[in-house]
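This report covers selected helices, contacts and salt bridges. The sequence and structure come first, and the notes follow.

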Amino acid sequence: MDDRTLMLSIIAAYMLSCLGIGVWAAKQTKSSSDFFVAGKSAGIVVMGFASFSTVLSGFGFIGGPGLVYKFGTSSFWICLPAALGLSFSGILLAKRFKTFAELFDILTLPDAVAKRYNSEVCRLTAAVVILIGVIAYLGTNILAFGAVAATFFDINFTTAAIIGMTVVIGYAVFGGIIAGLYTDVFQGTLMMFAGVAVFWIALTTVGDGNFFAGTRNITDVFTAAGQKNAIGPWGVLGPMACLSYLFLFQFGGTGQPHTITKMFMARDFKTVKWSPALAAIAYMLCVLLWVSVGFAMKYLVLTGAAEALPVGHEDNAAPRFLMDHTPAWLAGIVFSGLFAAIMSTADSFLNIGAGVFVRDIPRAILKRPVKNELVWARTATFIIAIAATFFALWAKKHGDLIAILGIFGWGLFAAAFVPMVTIGFNWKRATWQGAVAAAVTGLVVNVGLDLASKYPREAPLYFVPNAVSAGAIALTASVLVMIIVSLSTKPQTLDPLVEEAVDY
Amino acid sequence: MVGVAIFTAVMLLMVFIGESIPMVVRTIVYAVCVAGIMGVLALKNLLSSESAAVFRKFFGVGYLIFGGILISVILLDISFVPGYSLPLGMEPATAMAVFGVTFFPFIFIILWLVGFERVIVTPEKEKHLKGLVEKGEDQPNG
């Protein structure tokens with residue numbers, strides 16, 4: 001069996017397993033509670049693996065190495081703090097979210113926000129932010145799938161993206177979050193193994209067969225090539241940019257709906273105690289791939305052992321390295337893990353987006369739930385997937401890198417939900433007016449700065465000084481607005497049970 | 001929370017109007033604000049009971065060290081001269097960034113696990129919550 005056939009066989013076996021899990025999950029999914037929060041029955045391993053797998057999507061496995069290839073160690077300030085963001089969200093939110101889920105009928109993040117602030121305006125604001133962010137983030141993963149599949153199968157990017165979304169729709173529509181959770185356990189295990197294995201191979205490759213010489217060789221080659229900045233502590237982007245990413249990815253991690261809503265699914269407080277730790281450790285093992293492959297590929301280019309990646313195609317760093325420098329069986333496993341990471345994250349986002357359409361918007365606008373929530377949830381999943389696919393193809397046409405789009409999506413969620421949720425659930429004085437003002441500020445600043453740095457194409461309007469992340473600025477501004485507006489508006493009288501949960 | 005507001009305001013100032021301030025000062029101030037915000041919010045999640053006092057100190061000291069690590073990265077970077085020894089094949093500041101900024105905060109996870117029942121969610125609180133749910137005081141949403 002040749003290498004390509006072996007890889008394809010492993011990937012096919014994996015895909016069939018995922019679809020099998022989807023079919024099994026469909027049989028377990030009997031209600032909207034099952035569809036959105038797995039019936040609140042997730043244990044430590046399921047919740048821990050689901051949390052980190054959702055974060056480490058195509059953004060991490062494809063976009064990450066691409067960023068390292070382009071910006072050097074600047075990328076470390078994204079991937080490494082994101083691991084801490086997982087545990088930090090546990091510290092700041094887990095017990096409160098678990099309490100809310102126990103005391104109230106909470107299936108979605110807007111549900112929790114509406115209950116906390118006793119405000120349907122808050123629910124609607126949260127729902128709108130989620131919809132925009134979901135489409136952007138899903139677009140990231142479609143781009144990642146397209147990049148990997150196009151390289152691997154040597155097919156047109158658009159075809160690859162459509163195939164990927166079709167498979168995701170297949171198990172997300174029918175299995176809901178249960179499909180995603182159990183696929184996450186399976187693929188999380190694969191991803192951890194892949195992360196460690198590829199890290200070893202990458203450093204051994206650049207170390208000329210000696211793992212322990214890898215970092216030294218990278219330092220020497222990059223220095224000789226005049227790219228010393230790439231291997232300094234701040235990479236190409238500089239200290240202010242990197243510190244802004246630290247802030248955005250560690251603190252902003254507490255505002256990512258695809259991870260924090262997992263806390264509603266916890267079976268008990270023991271799960272809440274152990275799963276953030278498990279998620280952070282597992283994530284760190286996977287991120288070894290992120291930090292090593294980008295450098296290894298660039299090293300090979302600088303030493304003439306590989307062709308340079310064209311500008312705008314840095315996302316091919318990971319697929320190229322895997323295809324050309326790892327054993328076929330490992331490449332097959334890693335590609336399977338990659339596809340799995342992308343699909344499970346996409347499933348989480350589709351689930352969250354469906355919740356918005358089916359549960360949150362009707363409650364906010366019509367003041368009543370829809371009938372046949374499960375049927376509508378599946379329909380909404382399908383519609384969102386199609387919208388995200390169109391967005392991804394548009395983004396690709398405009399030359400956006402996967403990680404850049406991912407950072408935009410992450411920043412969008414962070415700027416809206418860190419004030420509304422992280423601050424709001426930790427501070428009784430927070431008011432609904434502060435929450436809404438913060439979310440709107442975050443959205444406007446994030447989108448505004450992003451567009452200003454890109455358009456008009458021939459002479460963009462504005463660049464943030466020192467390459468500081470627009471998402472971090474939006475997050476900083478929105479937190480400040482939240483506190484100022486809350487202190488300036490009349491304190492809310494909280495429902496006694498809400499007060500008990502926030503005061504926990 | 002006023003402290004968090006002050007930290008965020010200073011961060012915005014450092015980005016937008018700090019051009020006249022030396023970069024090393026701006027980055028140190030920004031780093032201190034980042035660590036400060038996270039420290040304040042983490043401490044709010046520890047119970048205010050007497051049994052939590054020691055853990056509050058540990059968490060507080062931990063965030064001070066975290067801020068110190070960020071400052072160390074900044075200072076190590078500006079003081080590096082080619083020819084200095086490279087720990088683990090990396091520049092000292094890079095090694096500090098990778099291991100100090102990444103692995104040190106895992107101490108917080110250890111503190112979280114060790115102190116969970118005493119300072120984060122006590123068995124009494126859990127029992128009280130269970131009692132509330134069993135009494136049927138949960139209120140359906142919407």
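**Basis and burial**

A residue is called buried under 20% relative accessible area, exposed over 50%, and partly exposed in between, using a 1.4 Å probe and protein chains only. The model is predicted: local features need pLDDT of at least 70, side-chain atom pairs count only at pLDDT 80 or more, and totals for chains, interfaces and linings use all residues. Residues are numbered from 1 along each chain as its sequence is written, chains are lettered from A and ligands numbered from 1 in the order in which they are written, and side-chain values use heavy atoms, with hydrogens and water left out.

**Helix 6 of chain A**

Helices are DSSP runs of H or I with at least four residues, numbered from the N terminus. Helix 6 of chain A (residues 109–117) is largely enclosed by the rest of the structure, because 9 of its 9 residues are buried. Among them are the charged-side-chain positions A:Asp111, A:Lys115 and A:Arg116. Just after helix 6 of chain A, A:Asn118 has a positive phi of about 50°.

A salt bridge here is a side-chain nitrogen of Lys or Arg within 4 Å of a carboxyl oxygen of Asp or Glu. A:Asp111 forms one with A:Arg123, at 2.7 Å from N to O. A:Arg123 belongs to helix 7 of chain A and A:Asp111 to helix 6 of chain A, so the pair ties together parts 12 residues apart in sequence. Both A:Arg123 and A:Asp111 are buried. A salt-bridge network links A:Asp111 and A:Arg123 with A:Glu120 and A:Asp360.

Contact means heavy atoms within 4.5 Å. A:Thr125 lies in helix 7 (residues 120–153) of chain A and counts as buried at 14% relative accessibility. Leaving aside neighbours within four places in sequence, A:Thr125 is in contact with A:Met420, A:Val436 and A:Ala439.

A:Ala82, in helix 5 (residues 76–103) of chain A, is buried with a relative accessible area of 3%. With the neighbours within four places in sequence again left aside, A:Ala82 is in contact with A:Phe249, A:Tyr283 and A:Trp410.

**Packing of helices 14 and 15**

In chain A, helix 14 (residues 317–325) packs on helix 15 (residues 328–366) at an angle of about 155°, with the axes 9 Å apart. Axes are lines fitted to C-alpha atoms over the stretch in contact, and angles run from 0 to 180 degrees between N-to-C directions. The two helices are therefore roughly antiparallel, a label for angles over 145 degrees.

Helix 14 of chain A contributes A:Pro319, A:Leu322 and A:Met323 to this contact, and helix 15 of chain A contributes A:Ala331, A:Val334, A:Phe335 and A:Leu338. By class, the contact has 7 nonpolar, no polar and no charged residues. Ala, Val, Leu, Ile, Met, Phe, Trp, Tyr, Cys and Pro count as nonpolar, Asp, Glu, Lys and Arg as charged, and the others, Gly among them, as polar.

**Interface and remaining salt bridges**

Chain A and chain B bury about 5,900 Å² between them, 73% of it on carbon and sulfur atoms; buried area is the accessible area (1.4 Å probe) that two parts lose on being put together, summed over both. Each chain gives 68 residues to the contact.

The interface has 2 salt bridges. A:Lys273 pairs with B:Glu117 at 3.2 Å, and A:Lys228 pairs with B:Glu91 at 3.5 Å. A:Lys228 is partly exposed at 33%, whereas B:Glu91 is buried at 6%.

Over all chains the count is 9 salt bridges. One of them joins A:Lys428 and A:Glu499 at 3.3 Å.

Methods:
Angles under 35 degrees count as roughly parallel, over 145 as roughly antiparallel, 65 to 115 as roughly perpendicular and the rest as oblique.
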